[in-house]
Amino acid sequence: MTIAYFDCFSGIAGDMILGALLDLGVDETVLKKELKKLPLTGYDMKVKKIKSNHITATDVTVIVTEDQHHRSLSDINDIINRSSLKPQVKNLSQNIFYNLGKAEARIHNVDIEEVHFHEVGAVDSIVDIVGSVIGVTLLSIDTIICSPLPLGHGFVSCEHGLLPLPAPATVELLKGIPVYTVERNQETVTPTGAAVITTLA
């Protein structure tokens, strides 16, 4: 059995998960080839080695190259279903988006199909979520275990205006999950990161 332990001392986000999986041995070329199975355009994924406090890490940035429209859960499921990805990758990716949609629906008090994924539904988050599942699958990881998550504070500017941190969707996703507060005036756990890790771990 292969177990992956996520030590989220610095938080978690979709791009951080991709970087960690690449560091664990996922081949960048294979990951990009798999992502091209999605009927999705208008993005480029840049991968580079960086140093932070003398520690080397892999930094992943999804660059949006075309305007992206808002998408519903059905739109995202359709993109995933029309891909030639493995059934396991499709199912897990759709489960993550469902959990994210459920959290957003509760916050906005609307039906899940009325949720419009703004930032979260943009191409970069689709790449982060589906790419994370592809990476976990490529590494044949059977079980994922995650440390308690550190929550920063402050505010973030988004489609809905100025929101407190952690963002409402993040709080909803982290119900019942071990967390702790850190004195950092920034977003340490994003909705995408929270959705991925709470679905997979």
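Reader: What covers the buried residues of helix 4?

Author: In this predicted model, the cover over the buried residues of helix 4 includes helix 3, helix 5, helix 6 (168-173) and helix 7 (191-200). The buried residues of helix 4 include V89, S93, F97 and L100, and they are called buried because each has under 20% relative accessible area.

Reader: How do you know that the span of helix 4 is close to the one expected at 1.5 Å a residue?

Author: Helix 4 has 22 residues, and from its first C-alpha to its last it reaches 31 Å, which is close to the expected 32 Å. Helix 4 is followed by N109, whose phi is positive, near 55 degrees.

Reader: What puts the buried residues of helix 3 on the same side?

Author: The buried residues of helix 3 (residues 73-81) are L73, I76, I79 and I80. Because they cover an arc of only 125 degrees around the axis, they lie on the same side of helix 3. What covers them includes helix 4 (87-108) and helix 5 (123-138).

Reader: Which residues have the most contacts inside the largest nonpolar core?

Author: That core has 51 residues, and those with the most contacts inside it are L35, L38, F97 and V130. Helix 5 gives the most to this core, with eight residues.

Reader: Which residues does V130 touch, not counting those up to four places away in sequence?

Author: With that exclusion, V130 touches L35, L38, I80, L85, V89 and S93; these are called contacts because heavy atoms lie within 4.5 Å.

Methods. Residues numbered from 1 in each chain as written. Predicted model: local features only at pLDDT ≥ 70, side-chain atom pairs only at ≥ 80, totals over all residues. Heavy atoms only, no water. Buried < 20%, exposed > 50% of the residue type's maximum accessible area, 1.4 Å probe, protein only. Helix = DSSP H or I, 4+ residues; strand = E, 2+ residues; numbered from the N terminus. Arc of directions from axis to C-beta. Core = buried A, V, L, I, M, F, W, Y, C linked by side-chain atoms within 4.5 Å. Expected span 1.5 Å × (residues − 1).
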